[in-house]
Amino acid sequence: MANDWFSGFPRLAKGTKARADAVNAIFDENVTGMDKMPTEAQMNRGTRNYIADDTGSADAYAGVLAHVTGAYADGQEVDILIANTNLTATPTLNVSTIGNVVIKASGANPVPIGALAEDSIARLKYNDTLSHWELIGVYDITNTVSAFMATMLDDPTAAAALITLGLTATAAEINTLDGVTAFVATLFNDETASAFMDTLGITAYAQTLLDDADAAAARATLGVNAEEKGTFTPTIYGGTTPGSPTYSLQNGWYSINGDTAHIEINIILSAKGGLAGELRIGGLPFTGLSHVMRTTNAPTSIWISGASGLAAGDNCYFTAHASDYLSLAYGDMVSGDPGRSALQDTNIVDTSVIQINATILLSS
């Protein structure tokens with residue numbers, strides 16, 4: 001008879017005599033075979049595949065089964081009392097010194113760090129096709145749900161989940177949320193972050209904001225721009241002949257917020273440099289929307305020293321163009337048409353000071 005327990009022995013013919021050593025050899029075969037079987041206690045308690053003494057270390061578990069297995073078999077199960085929590089996603093198990101085999105979570109995913117907790121009992125099943133131990137009942141959620149959902153599932157309370165979502169709630173609302181288990185179960189059953197927020201009643205628009213990767217993307221969703229500030233070097237030139245003016249001072253400051261820009265300009269000429277025609281201020285760091293502003297339109301102010309040819313009561317204006325310059329003008333705005341005239345090179349002198357403080361509409 002030969003099987004997994006006995007290697008086989010010759011049968012005795014009826015009426016024959018047997019030598020004591022031959023009979024003893026048969027008994028030895030019997031004992032050897034019984035040694036391979038679980039004990040009565042293990043069978044009664046269901047612990048025949050239980051390893052109570054983990055002799056390995058964190059991430060390198062080891063132990064001996066009471067019965068001999070010889071080699072790993074597909075579908076073989078063992079239970080082991082973990083002595084040290086796993087510190088990596090690639091722990092191994094060596095049963096009865098057969099050999100180290102990597103442990104995987106369900107679906108051949110890496111084992112989450114900490115999933116094999118100290119003093120916990122882990123059940124593993126050997127997968128001969130993939131040559132690894134599979135940790136039964138443990139899933140790597142980072143590979144089965146979105147990163148957002150994984151973060152939500154890591155939140156210990158509803159209050160923490162609301163913070164993750166960027167929401168707030170009263171203490172009473174939080175307590176109510178913590179107590180509504182069916183609601184929480186529905187959230188946990190949602191397969192995507194989008195479904196999760198649908199359950200919470202968050203609108204598609206708000207979901208888009210939550211999906212934005214950074215503040216710049218959120219501003220784009222909201223249709224607003226971040227405030228931009230800086231300096232620039234303003235110039236003055238003629239509309240007919242630009243010329244080559246020289247300066248004692250050229251200062252420009254700007255800030256952009258949404259569809260408007262505020263500028264402050266301070267220019268002191270040392271020579272007009274042959275410029276001719278209407279006066280223009282160039283070098284703006286943006287493109288304006290064509291429109292007219294005058295000094296009585298707060299917060300716009302224009303001051304020009306050494307100006308000539310202007311009548312009492314005349315206001316100074318500028319016209320913004322769909323470009324990076326302003327045209328300067330003057331006139332008396334009364335009842336409707338302002339009747340303005342462009343400021344010319346003849347209206348300023350070589351040492352004129354031009355100061356402008358204005359808000360300008362930007363082109364889209």
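Strand β16 (residues 326–331) is mostly covered, with six of its six residues buried; buried means under 20% relative accessible area, exposed over 50% and partly exposed in between, with a 1.4 Å probe and protein chains only. Helices (H or I, at least four residues) and strands (E, at least two) are DSSP runs, numbered from the N terminus. Leu-326, Leu-328 and Tyr-330 lie on one side of β16, Ser-327, Ala-329 and Gly-331 on the other, and all are buried, so both faces are covered. This is a predicted model, in which local features need pLDDT of at least 70 and side-chain atom pairs count only at pLDDT 80 or more, while totals for chains, interfaces and linings use all residues. Residues are numbered from 1 along each chain as its sequence is written, and side-chain values use heavy atoms, with hydrogens and water left out.

Two strands pair if DSSP finds at least two bridges between them. Strand β12 (residues 279–282) runs antiparallel to β16 and is joined to β16 by two bridges, with Arg-280 opposite Ser-327. Strand β17 (residues 341–342) also pairs with β16 in the antiparallel sense, over two bridges; here Tyr-330 has Ser-341 as its bridge partner.

Strand β18 (residues 353–361) is antiparallel to strand β11 (residues 260–271), and nine bridges link the two. Ile-265 is bridged to Ile-356 of β18. Strand β14 (residues 301–304) pairs with β18 as well, antiparallel and over four bridges, and Ile-304 stands opposite Ile-354.

β1 pairs in the parallel sense with strand β3 (residues 77–81) over two bridges, and Ile-51 has Ile-80 of β3 as its bridge partner.

Thr-92 belongs to strand β4 (residues 92–95). Thr-92 is buried because its relative accessible area is 19%. Contact means heavy atoms within 4.5 Å. Beyond its neighbours within four places in sequence, Thr-92 is in contact with Asp-59, Ala-60, Tyr-61, Asn-100, Val-101, Val-102 and Ile-103.

Ile-113 sits in the loop between β5 (100–104) and β6 (121–127). With a relative accessible area of 60%, Ile-113 is exposed. Residues up to four places away in sequence aside, Ile-113 touches Asn-86, Leu-87, Thr-88 and Ala-89. Ile-113 and Thr-85 are 28 residues apart in sequence, and their C-alpha atoms are 8.2 Å apart.

Rolling a probe the size of a water molecule over the atoms shows where empty space is left. On a 1 Å grid over the protein atoms alone, a cavity is a set of points where a 1.4 Å probe fits but cannot get out, and lining residues have an atom within 4 Å of a point. Grid points are joined across faces, edges and corners, and a volume is the space filled by probe spheres set on the points. The count is one cavity of 30 Å³ or more, and the largest cavity has a volume of about 30 Å³. Its lining consists of Tyr-61, Ile-80, Ile-82, Leu-93, Ile-103, Leu-116, Ala-122 and Leu-124.

The protein as a whole has nine helices and 18 strands. Of its 364 residues, 32% are buried. Among contacts with a separation of 6 or more, 62% are between residues 24 or more positions apart.

Terms used: On a 1 Å grid over the protein atoms alone, a cavity is a set of points where a 1.4 Å probe fits but cannot get out, and a pocket is an open set with protein on both sides within 12 Å along at least five of seven lines; lining residues have an atom within 4 Å of a point.
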